[in-house]
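Hi,

Here is the structure I promised to pass on. My notes follow it.

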Amino acid sequence: MIKAENIHKSFGDLKVLKGIDMEVHRGEVVVLIGVSGSGKSTFLRCLNFLELTNEGVITIDGKQVNQKKDNLAKIRAEVGMVFQHFNLFPHKTVLENVMEAPLMVKKMDKVQVKKMAHEILKKVGLSEKAAVYPNKLSGGQKQRVAIARALAMEPKVLLFDEPTSALDPELVGEVLQVMQNLAEEGMTMIVVTHEMKFAKNVADRVIMLDEGVIIEDSDAETFFNHSTNERTLQFLEMVDV
Amino acid sequence: MPEFLITFYDVFKNTYKGFLQAGLLTIEITAIAVVIGVVLGVIFALMKISNSKILQTIANIYITLIRGTPLIVQIMFLYFGITSIIVLDNFWAGAIALGVHNGAYIAEIFRGSIQGIDKGQREASLALGMNSSLTMRRIVFPQALRRAIPPLGNQFIITLKDSSLVYVIGVSEMFGVANRVAASNFKQFETFLVVGLYYLILVLIFSALLRWYENKLDVDK
């Protein structure tokens with residue numbers, strides 16, 4: 001479904017990613033973890049080309065992505081992304097946030113898009129908020145709208161960049177619940193998170209990054225209970241699961 | 001009643017018809033200059049934030065030339081420059097000069113407000129598959145415009161007052177009329193007081209409109 005080979009990325013002299021190989025299959029939920037600065041967010045951003053790689057190949061659905069500027073919009077339309085800080089469009093209502101891309105990018109019929117947007121909002125539990133502006137929402141509600149907005153493009157894969165890190169603790173649950181529902185529906189997801197419980201309960205695979213390389217890539221059960229990797233054990237002890 | 005007030009009233013009574021007409025001209029010139037300024041402002045702001053070195057340089061030259069020379073010189077320069085090429089009356093020459101002048105300042109206002117929009121907005125839009133131009137048009141610019149409204153309003157007020165300078169090329173707007181009246185009635189002090197009040201009234205009306213509009217935008221959001 002989505003495959004990354006030998007991904008290198010530097011910012012100036014700083015080498016952030018030093019040769020990452022990863023493949024995610026359809027319907028898989030992969031959680032990326034690692035200490036801050038390990039490169040997990042940067043890697044995620046490479047997967048929808050918000051960062052362009054210095055080296056390496058990304059293949060989506062068997063097609064190698066050409067990282068040319070005019071090609072990227074088409075690719076990004078198929079790769080959804082949810083950000084740590086939501087990044088909702090403050091000048092548009094919740095419904096308009098969800099409708100924007102299908103209308104503008106896919107040029108779908110407005111009536112049809114509206115119907116679909118209402119359905120998606122219902123799915124994330126925010127039907128009654130369709131007409132309000134984002135500044136009237138709690139953090140958890142904002143993030144659920146952001147997920148709805150990404151879903152409206154019917155992406156092949158959904159990327160989550162620390163989706164609950166900016167939330168008050170009591171609001172984390174509602175967002176994780178929506179994500180879990182999506183996982184159960186078979187959505188392909190790559191999630192950067194510090195929520196170990198989510199990783200344990202929902203992820204098919206856990207990938208641990210450290211200093212720009214993958215140091216462990218195993219199924220969740222193995223990762224949390226039978227890992228032999230020293231750095232993983234250290235990390236697990238630190239986050240205390 | 002003191003002598004001064006009587007003279008002031010006389011001047012007011014004898015000139016208000018002329019000033020009414022001149023006031024309309026002032027408003028027209030200001031409006032045209034504002035429209036030209038906003039159009040040029042958007043174009044040059046986008047050039048300035050573009051990736052093209054050539055476009056950036058052109059925008060920088062324009063802004064530097066306009067900001068580095070007096071408006072009155074620009075008006076004369078444009079008037080004699082334009083009218084040597086095409087036939088254009090002094091009203092339009094003045095309005096265009098004022099508009100071109102405005103464009104440089106408005107470009108800087110727009111550039112600042114566009115660059116002030118959180119870069120997460122652009123990223124979220126790109127991540128949805130919107131290309132750069134859609135992202136600018138639908139997401140970044142509408143937000144930047146809201147942010148630009150207070151400084152733009154300020155710039156429009158400056159334009160309204162600066163429009164008095166086109167009297168140098170013989171446009172009969174408010175200051176031009178005041179100048180002529182004062183030369184014929186020899187009541188310079190009272191006449192310029194009258195025209196000063198007219199400008200003040202226009203500015204106050206415009207400020208009130210602007211405040212009302214800003215409040216409306218806040219409520220909408």
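Between chain B and chain A, about 2000 Å² is buried, and carbon and sulfur atoms give 60% of that. Buried area here is the accessible area (1.4 Å probe) that two parts lose on being put together, summed over both. In contact terms, 22 residues of chain B meet 26 residues of chain A; contact means heavy atoms within 4.5 Å. The count of salt bridges between chain B and chain A is 2. A salt bridge is a side-chain nitrogen of Lys or Arg within 4 Å of a carboxyl oxygen of Asp or Glu. The side chains of B:Arg138 and A:Glu100 form a salt bridge, at 2.7 Å from N to O.

Some ground rules. The model is predicted: local features need pLDDT of at least 70, side-chain atom pairs count only at pLDDT 80 or more, and totals for chains, interfaces and linings use all residues. Residues are numbered from 1 along each chain as its sequence is written, chains are lettered from A and ligands numbered from 1 in the order in which they are written, and side-chain values use heavy atoms, with hydrogens and water left out.

Chain B

Chain B has 8 helices and 0 strands. Helices (H or I, at least four residues) and strands (E, at least two) are DSSP runs, numbered from the N terminus. The C-alpha atoms of chain B fill a box of roughly 70 × 45 × 25 Å along the principal axes.

Chain B also carries a nonpolar surface patch of about 1200 Å², with B:Met1, B:Phe4, B:Phe189 and B:Leu209 among its residues. Patches take residues with over 30% relative accessible area and no salt bridge; like charges are joined within 9 Å, nonpolar side chains (Val, Leu, Ile, Met, Phe, Trp, Tyr) within 5 Å. Accessible areas come from the Shrake-Rupley method with a 1.4 Å probe, and for residues only the protein chains shown count as cover. Helix H1 (3-49) and helix H8 (188-220) of chain B each give two or more residues to the patch. H8(B) gives the most, with 8 residues. B:Leu209 lies in H8 of chain B.

Chain A

In chain A, 6 strands form an open sheet, in the order E6-E7-E8-E3-E9-E10, with mixed pairing. Two strands pair if DSSP finds at least two bridges between them. The edges are E6 (79-82) and E10 (213-219) of chain A, each pairing on one side only. Neighbouring strands of this sheet are turned by 15° against each other on average, direction ignored. Helix H1 (residues 40-47) of chain A packs on the sheet, and its direction makes about 150° with that of E7(A). Axes are lines fitted to C-alpha atoms, for helices over the stretch in contact, and angles run from 0 to 180 degrees between N-to-C directions.

Now the pairings. E6(A) and E7(A) (residues 157-161) run parallel over 4 bridges, and A:Val82 stands opposite A:Phe160. E9(A) and E10(A) are antiparallel over 6 bridges. There, A:Met208 has A:Glu216 as its bridge partner. E9(A) and E10(A) form a hairpin with 2 residues between them, and A:Glu211 in the turn has a positive phi of about 50°.

Elsewhere in chain A, E1 (residues 2-11) and E4 (residues 55-60) are joined by 5 bridges and run antiparallel. A:Ala4 stands opposite A:Ile58. E4(A) also pairs with E5 (residues 63-64) of chain A, antiparallel, over 2 bridges. In the hairpin of E4(A) and E5(A), A:Asp61 takes a positive phi near 55°.

Best wishes
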